[in-house]
Amino acid sequence: MTRQSIAEELESAADRIADISRADLQIILRRAALMLRNVAGVPLEPATDDALNSIAAEMKIGRSDLIQVILREWLETNAYLPVRQIDEDCETDGSA
């Protein structure tokens, strides 16, 4: 979804606030919040942009955080960054 389409959806919902279901309003507001949270960034193709937004929402992290993870892992995989060492003897609960 583009910012323009989100804005149009919000305006439409405001015009018919008495008729819109709570679930539909909740979806629209969550999309708007996601868009606002992820305003800054690199312009991407719509399909790539939608995929990133969907994955970020599914993982419950911000789009910029997701992009940082993807870039870091790509840079490590391609030897542009040193791979982070994992201490095999350390007991953890699965979090870094």
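## Contacts and overall architecture

Two residues are taken to be in contact when their heavy atoms lie within 4.5 Å. In this predicted model, 28% of the contacts in the protein chain between residues at least 6 apart in sequence join residues at least 24 apart.

The protein chain has 4 helices and 0 strands, and its elements run α-α-α-α from the N terminus on. Of the 96 residues in the protein chain, 17% are buried. The chain exposes about 7900 Å², of which carbon and sulfur atoms supply 56%.

## Helix α2

Helix α2 comprises 16 residues, 22-37. The distance from its first C-alpha to its last is 22 Å, close to the 22 Å expected at 1.5 Å a residue.

The buried residues I28, A32, L34 and M35 belong to α2. They cover an arc of only 160 degrees around the axis and therefore lie on the same side of α2. An α-helix has 3.6 residues a turn, so residues three or four places apart point the same way. Cover for the buried residues of α2 includes α1 (3-15) and α3 (46-59). On the face turned away from the buried side of α2 are the exposed residues R22, R30, L36 and R37.

## Residue E76

E76 is part of helix α4, which spans residues 63-77. Its relative accessibility is 12%; E76 therefore counts as buried, because the cut-off for that class is under 20%.

When neighbours within four places in sequence are left aside, E76 is in contact with L81, P82, V83 and R84.

How values were computed. Residues numbered from 1 in each chain as written. Predicted model: local features only at pLDDT ≥ 70, side-chain atom pairs only at ≥ 80, totals over all residues. Heavy atoms only, no water. Helix = DSSP H or I, 4+ residues; strand = E, 2+ residues; numbered from the N terminus. Buried < 20%, exposed > 50% of the residue type's maximum accessible area, 1.4 Å probe, protein only. Areas by Shrake-Rupley, 256 points an atom, 1.4 Å probe, with all protein chains shown as cover. Expected span 1.5 Å × (residues − 1). Arc of directions from axis to C-beta.
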